[in-house]
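Thanks for making the time this morning.

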Amino acid sequence: MDDRGSSFITVRRIPHGETCHSNSAEVVVGSAAWLGRGLSCVCVQRRDSDASNTFDLTLAQEECLQRIQRRIDVPYDSSIIEHQDALRALWNAAFPEEELHGLISEQWKEMGWQGKDPSTDFRGGGFISLENFLFFARNFPKSFQDLLRKQEGDRSVWEYPFAVAGVNITYMLIQMLDLEAVKPRNLVGATFLKFLAENESAFDLLYCITFKLMDHQWLSMHASYMDFNAVMKETRRQLEKELLVEDIAQLEDLPSYKLLSR
């Protein structure tokens with residue numbers, strides 16, 4: 001399907017051993033027919049050359065990779081108090097002036113979740129996607145609110161839902177950086193681990209940069225709802241390009257970091 005023929009909805013990771021068929025080398029989001037019907041299947045088809053290439057890591061980088069993998073492996077569990085508290089904290093960061101009536105509430109749709117229970121959408125990114133949201137809200141509150149409330153630029157009549165976009169970004173970064181592999185099989189992933197070894201919050205910071213960059217691309221492309229897949233692909237291309245610039249010593253040196261404001 002072409003870029004304009006794709007909708008964007010919550011994604012899920014394919015468990016190890018489960019087959020997912022796709023002809024694309026990109027992350028491909030499910031068709032419009034899935035809207036309102038739950039989760040889509042998102043597949044990443046690796047090129048043959050990727051499978052044979054791995055990059056050696058320092059001990060520190062290996063430990064950082066293992067830590068981020070442990071975070072990725074944690075599913076959102078609505079029965080865990082810590083997860084409940086984190087979800088309430090997200091609401092308070094997003095809408096400090098409005099009291100939340102419950103963890104299952106129609107109010108969540110105001111933030112861009114597909115239904116009244118955000119836990120169903122977190123299947124695509126796990127608990128780490130909630131952690132990404134909270135890091136964004138706490139460290140770059142102005143940019144967080146600008147994106148949540150669509151306060152910048154000439155906006156489309158059919159805008160992307162903020163929350164579901166955020167889960168998609170978490171998933172896209174995990175795939176782009178090859179973070180579920182024993183060792184990174186692409187240069188972008190290997191490069192990122194150098195940043196992660198220097199800053200344990202590098203993944204969360206890159207999430208913030210990516211979210212803001214995605215919105216910047218959205219506005220630049222005069223995009224509407226059905227263009228989301230094309231915007232995500234362009235965001236990924238730009239992010240990979242910036243990460244591979246030789247004189248980038250830290251994520252704060254990325255050109256797109258300048259889009260963020262606190």
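**Cysteines, core and helices**

Let me begin with cysteine 64, which is buried, with a relative accessible area of 6%, where buried means under 20% relative accessible area, exposed means over 50% and partly exposed lies in between, using a 1.4 Å probe and protein chains only. Before I go further, please keep in mind that this is a predicted model, in which local features need pLDDT of at least 70 and side-chain atom pairs count only at pLDDT 80 or more, while totals for chains, interfaces and linings use all residues. Residues are numbered from 1 along each chain as its sequence is written, and side-chain values use heavy atoms, with hydrogens and water left out.

Cysteine 208 also counts as buried, at 0% relative accessibility. How many disulfides does the structure hold? The count is 0, taking a disulfide as a pair of cysteine sulfur atoms within 2.5 Å.

Now to the core, by which I mean a set of buried Ala, Val, Leu, Ile, Met, Phe, Trp, Tyr and Cys residues joined through side-chain atoms within 4.5 Å. The largest nonpolar core has 69 residues, and those touching the most other members are Met111, Phe133, Phe144, Phe211 and Leu243. Helix 8 gives the most to this core, with 11 residues; helices here are DSSP runs of H or I with at least four residues, numbered from the N terminus.

Phenylalanine 133, leaving aside neighbours within four places in sequence, is in contact with residues including Trp113, Phe144, Val167 and Phe211, contact meaning heavy atoms within 4.5 Å. Serine 129, which lies in helix 4, is buried at 0% relative accessibility, and it touches Phe122, Val167 and Thr170 when residues up to four places away in sequence are not counted.

Turning to helix 5, residues 141-149, the buried residues are Ser143, Phe144, Gln145, Asp146, Leu147 and Leu148, and these pack against helix 3, helix 4, helix 6 and helix 8. Just after helix 5, lysine 150 takes a positive phi of about 50 degrees.

Finally, helix 6 is mostly covered, with 15 of its 15 residues buried. Helix 6 reaches 21 Å from its first C-alpha to its last, close to the 21 Å expected, the expected span being 1.5 Å times one less than the number of residues. Just after helix 6, aspartate 178 takes a positive phi of about 55 degrees.

Note on methods:
Helices (H or I, at least four residues) and strands (E, at least two) are DSSP runs, numbered from the N terminus.
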